[in-house]
Amino acid sequence: MLRAFSRQWADMTSSFGRGWDLLRHKAPGQVTFWLIALVVGVASGAMAVLFRFAINRLQAFLYGTEDVSTLASFASQLPWIWVVLIPVCGGVAVGLIMQFFTPDGRVRSVSDVIEGAALTDGRVEKKAGIASALCSWITLSTGGSTGREGPVVHIAAMIASWTSNRLRVDGITGRDLLGCAVAAAVSASFNAPIAGALFGLEVVLRHFALHAFAPIVVASAAGTVINRLVFGDVTEFLLPGTTTVEFYLELPAFFLLGLVCGLVAVVMMRAIFWSEDIGNKLQKRLNLPHVLRPALAGLLLGAIATRFPHIIGVGYETTSLALTGMLGLQAALLFCAVKVAAVSITMAGRMGGGVFSPSLMVGALTGLTYAHIATALFPDQSSAFTLYALAGMGAVAAAVLGAPISTTLIVFELTGDWQTGLAVMISVSMSISVASRLVDRSFFLTQLKRRKVHLAAGPQTYLLAMFRVASVMRKPADPGAADEEACLRMIEQGLYVLTSATLETALPRFDKSGVAFLPVVTLTTDTQEPRLQGALFHVDALKAYNRALAATAAEEHS
C-alpha cells in the first residue's frame, strides 16, 4: 500500500510539475493573445455599430424620415420620382467608386473573407475592401435591397488583417484573429454573442479547433458589450405571446416546411447567380461602361420600390410584420417573390451588401405563407403564425449561409424566443440537407467556385492551388536537377508546365503522362517559345502537398 501511495504521489508531483511548466511558459503568450483578441473584438464591434449608424443617418437624410425602422411605410408616401431617383444616384456613386478603386469592379464581401482565411493566411484586400465598404454603405442607404452583415464582416476582416500584418503573425494566428474580428462584428450587429462566435468558427474558419475557441469567444463577448452599451439589451425583433408547439403531431409539418425553405433558398441563390450572368452578358453585348451598371440596377430597384417599398434597405420592418403574422397569404407570397427579384438585381448590379438579412426576410415570408396554407388545411392542429415564420426564417438563412448551427442560434438571439427550438432545428436540418445538394454547400462557397476557387471540397482540393510550380521546382543548378537534354526533348513534345501554374494543374499531368518530372518553362513575349527554368519532380510536389495537409490537420485538431 505504501508503495502504491508513493507511485501516486510521484505521478501527482510529475503532473503538477508539467502543469506548472506549461502555465509558466505558455500562459503569458495565451493571455497576451487573448488581450489582442479583446482589442480586435472591441475595434470590430465599434466599426459594426458605426456602420449601422452611418446607414441610418444617410437613409434618414435622403428619405427625410426620423425613424428608419419604418422606412418602407414612410417611402410609400413619397413622390415616385424621389423613390426612383435616390437609388439611381446611389448606383452612380457606387459605379464611380468601384471604377477607380477596384481592379474588377466587384464589391468584396463574406466570400472574400472565407477565401482569405483559407488561402492567404487570414488576410484580405485593403484598398478594394475600403471601397467596398463605402459602396455597401451607399447601397444600403439609397434603396439597395441587401443586408449589412456582408460589409461588416469584411470591415472586421480588414481590421484583423491590419493587426496581423503589424504583428507579423503566422497563418494560424492570422486566421484566429480573423475569426475573432468576424465574431465580434456579427455579435455587435445582431446582439448575438453565441451565434457570433459560432459564425466565426463555422462559416469563416470552417473548423472548431479548441485553440481558436477561447479568443473568438472573448472577441464575440466584446462585440456584444459594444452593442448593448449603445442599443441596450434588446432583441432585434419583438414577438407577441407564446410560440410553443401546441400539438406534437404537428412536427411533420416542420419537416415539410424545411424542405420548402431549402428549395426557396436554392431559388434565391440561383436567381442571384442567374441575374449576375445576365448582367455580364448584357454589359458585354451593349459595351456598357462598368460605372453605369450599378446605376441601371438602381433604376430598376427604384421602379420596383414605387410599388413595393418594402424592398428598400435591410427590410426589418417587413420581417417584423411577417414574424407577427400581420401579412395575409397573398401579400406574404408576393412580397417574398419581389424581394428575391430585388436582391438579385442589387447583387447583379454590383451595388454591395450581404445576403443574410434578405434571407431572413425571405425565410420569414416563406414561413408565413406556409402557415396560412397549413392553418387553412388543419385549423385544429396548427400553432401560431409566428412559429412558422420563425422556423422559415432560420431554415432559409441556414441554407443560404451553409451554417445550420450559428444560424439557428442567431434566430433565437434575434427574437429572444428559446421555446421554439425543436421546430426551428427540424426545419433548419431539412432545409440545409436539400439546399447543400443543389448548390456548392452555401451561397458563399458557390460564389467562390464561380470564381474558380474551390473550397467546398476541403483542403485536399484547395491546398493544391496554393503552391506555385516555381516554388517547388528544382532549378538547373540545384542538387538532383533534371537532365537538361531530357527536359528539352519533353518540351518539344509539348510536355511541360509554366512557372505561373500551380500544383492543381501539374499533378494531373503527372498522372496522365506517368513521368517522374516535368520541365518548367516561361514563354517568351515575342515568339511565345518555351524557355526552360527548371523541373518539377513528382515526388517534390507530393511532399509539399502532404506537408500542407499535415499542417492543416494539425491546426484544425489543436
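Which residue in E2 does leucine 498 stand opposite? Leucine 498 faces valine 521 of that strand. The model described here is a predicted one.

## The sheet

Three strands make up an open sheet, in the order E1-E2-E3 and with mixed pairing. The edges are taken by strand E1 (497–498) and by E3, and each has a single partner strand, so one side of each has no neighbour in the sheet. E1 and E2 run parallel and are joined by two bridges. Leucine 498 and valine 521 stand opposite each other across E1 and E2.

The structure has eight aromatic pairs. A pair of aromatic rings is described by the distance of the centres and the angle of the planes.

One of the pairs is stacked: phenylalanine 53 with phenylalanine 231, at 5.6 Å centre to centre and with 20° between the planes. Because phenylalanine 53 belongs to helix H1 and phenylalanine 231 to helix H9 (residues 210–231), this pair ties together parts that lie 178 residues apart in sequence. Phenylalanine 53 is partly exposed, at a relative accessible area of 34%. Phenylalanine 231 is also partly exposed, and its value is 28%.

Phenylalanine 517 and phenylalanine 537 form a tilted pair, with 5.3 Å between the centres and 35° between the planes. Here phenylalanine 517 is in strand E2 (residues 517–523) and phenylalanine 537 in strand E3 (residues 530–537), so the pair links distant parts of the chain, 20 residues apart. Phenylalanine 517 counts as buried because its relative accessibility is 16%, under the 20% limit. Phenylalanine 537 is buried as well, with a relative accessible area of 13%.

## Other ring contacts

Phe254, Tyr370 and Tyr388 together form one aromatic cluster.

Arginine side chains also meet rings. Arginine 474 lies over the face of phenylalanine 537, 3.9 Å from the ring centre. The charged end of arginine 307 sits over the ring of phenylalanine 308, at 4.9 Å from its centre.

Val31, Trp34, Leu35, Leu38 and Val42 make a nonpolar surface patch of about 400 Å². One of these residues, valine 31, is found in helix H1 (residues 2–63). Valine 31 has a relative accessible area of 43% and is therefore partly exposed.

Technical notes:
Residues are numbered from 1 along each chain as its sequence is written. This is a predicted model: local features need pLDDT of at least 70, side-chain atom pairs count only at pLDDT 80 or more; totals for chains, interfaces and linings use all residues. Side-chain values use heavy atoms; hydrogens and water are left out. Patches are made of residues with over 30% relative accessible area and no salt bridge: like charges are joined within 9 Å, nonpolar side chains (Val, Leu, Ile, Met, Phe, Trp, Tyr) within 5 Å. Accessible areas come from the Shrake-Rupley method with a 1.4 Å probe; for residues, only the protein chains shown count as cover. A salt bridge is a side-chain nitrogen of Lys or Arg within 4 Å of a carboxyl oxygen of Asp or Glu. Helices (H or I, at least four residues) and strands (E, at least two) are DSSP runs, numbered from the N terminus. Buried means under 20% relative accessible area, exposed over 50%, partly exposed in between (1.4 Å probe, protein chains only). Rings of Phe, Tyr and Trp (its six-membered ring) pair if their centres lie within 6.5 Å; planes under 30 degrees apart count as stacked, over 60 as edge-to-face and the rest as tilted. A charge sits over a ring if NZ of Lys or CZ of Arg is within 6 Å of the ring centre and within 35 degrees of the ring normal. Two strands pair if DSSP finds at least two bridges between them.
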